[in-house]
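This briefing concerns the structure shown below.

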Amino acid sequence: MALTNQEIIEALKGKTLLELKDLVDLMKEEFGVDPSAVSAAPAAAVDEGPKEVSVILESPGGSKIPVIKVVRALTGLGLKEAKAVVDSAPAPIKENISPEDAEEIKAQLEEAGAVVSVK
């Protein structure tokens, strides 16, 4: 019996950021497409700017420990998972958030010494 979309979403809510990243990588391999590149609706003719953006950790900078602490606080990940995210940079820290929230997160990470981008 196939799972409904809602059942899949509920199952994904219990995953960590690192587990979700692994899932996306598996989807890329299995289906040969990047799930983030698929769009259900055509883009609007007028670009109103991004409504949702992602915060990407490009590099942890000189010292990883302060960056790992901030990643843990922002994501709720455990120490091992947060370290894995930092070690795998470039890596998404938060996705599909408002530009305002993204700038706040970027500032926190940069204060810890990280190199961060908002896309």
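Pro90 is found in the loop between helix 4 and strand 2, and a cis peptide bond joins Ala89 to Pro90, with omega about 5°. Helices (H or I, at least four residues) and strands (E, at least two) are DSSP runs, numbered from the N terminus. The model is predicted: local features need pLDDT of at least 70 and side-chain atom pairs count only at pLDDT 80 or more, whereas totals for chains, interfaces and linings use all residues. Residues are numbered from 1 along each chain as its sequence is written, and side-chain values use heavy atoms, with hydrogens and water left out.

**Nonpolar core**

- The largest nonpolar core has 23 residues, of which Val55, Leu57, Val67, Val71, Ile93 and Leu109 touch the most other members.
- At least two residues of this core come from each of helix 2 (17-31), strand 1 (53-59), helix 3 (64-75), helix 4 (79-87), strand 2 (91-97) and helix 5 (99-111).
- Helix 3 contributes the most to this core, with five residues.
- A nonpolar core is a set of buried Ala, Val, Leu, Ile, Met, Phe, Trp, Tyr and Cys residues joined through side-chain atoms within 4.5 Å; buried means under 20% relative accessible area, exposed over 50%, and partly exposed in between (1.4 Å probe, protein chains only).
- Residues up to four places away in sequence not counted, Val71 touches Gly76, Ala82, Val86, Ile93 and Leu109 (contact means heavy atoms within 4.5 Å).

**Helix 3 and helix 5**

- The axes of these two helices, helix 3 and helix 5, come within 8 Å and cross at roughly 155°; axes are lines fitted to C-alpha atoms, for helices over the stretch in contact, and angles run from 0 to 180 degrees between N-to-C directions.
- Helix 3 is therefore roughly antiparallel to helix 5, a term for angles over 145 degrees.
- Val67, Val70, Val71 and Leu74 of helix 3 make the contact with Ile105, Gln108 and Leu109 of helix 5.
- The residues of this contact of helix 3 with helix 5 comprise six nonpolar, one polar and no charged; Ala, Val, Leu, Ile, Met, Phe, Trp, Tyr, Cys and Pro count as nonpolar, Asp, Glu, Lys and Arg as charged, and the others, Gly among them, as polar.

**Ser54 and Asn96**

- Ser54 lies in strand 1 and counts as buried because its relative accessibility is 14%.
- Neighbours within four places in sequence aside, Ser54 is in contact with Lys94, Glu95, Asn96, Ser117, Val118 and Lys119.
- Asn96 lies in strand 2 and counts as exposed because its relative accessibility is 54%.
- Although Asn96 is not a glycine, its phi is positive, at about 55°.

Note on methods: Parallel < 35°, antiparallel > 145°, perpendicular 65-115°, else oblique.
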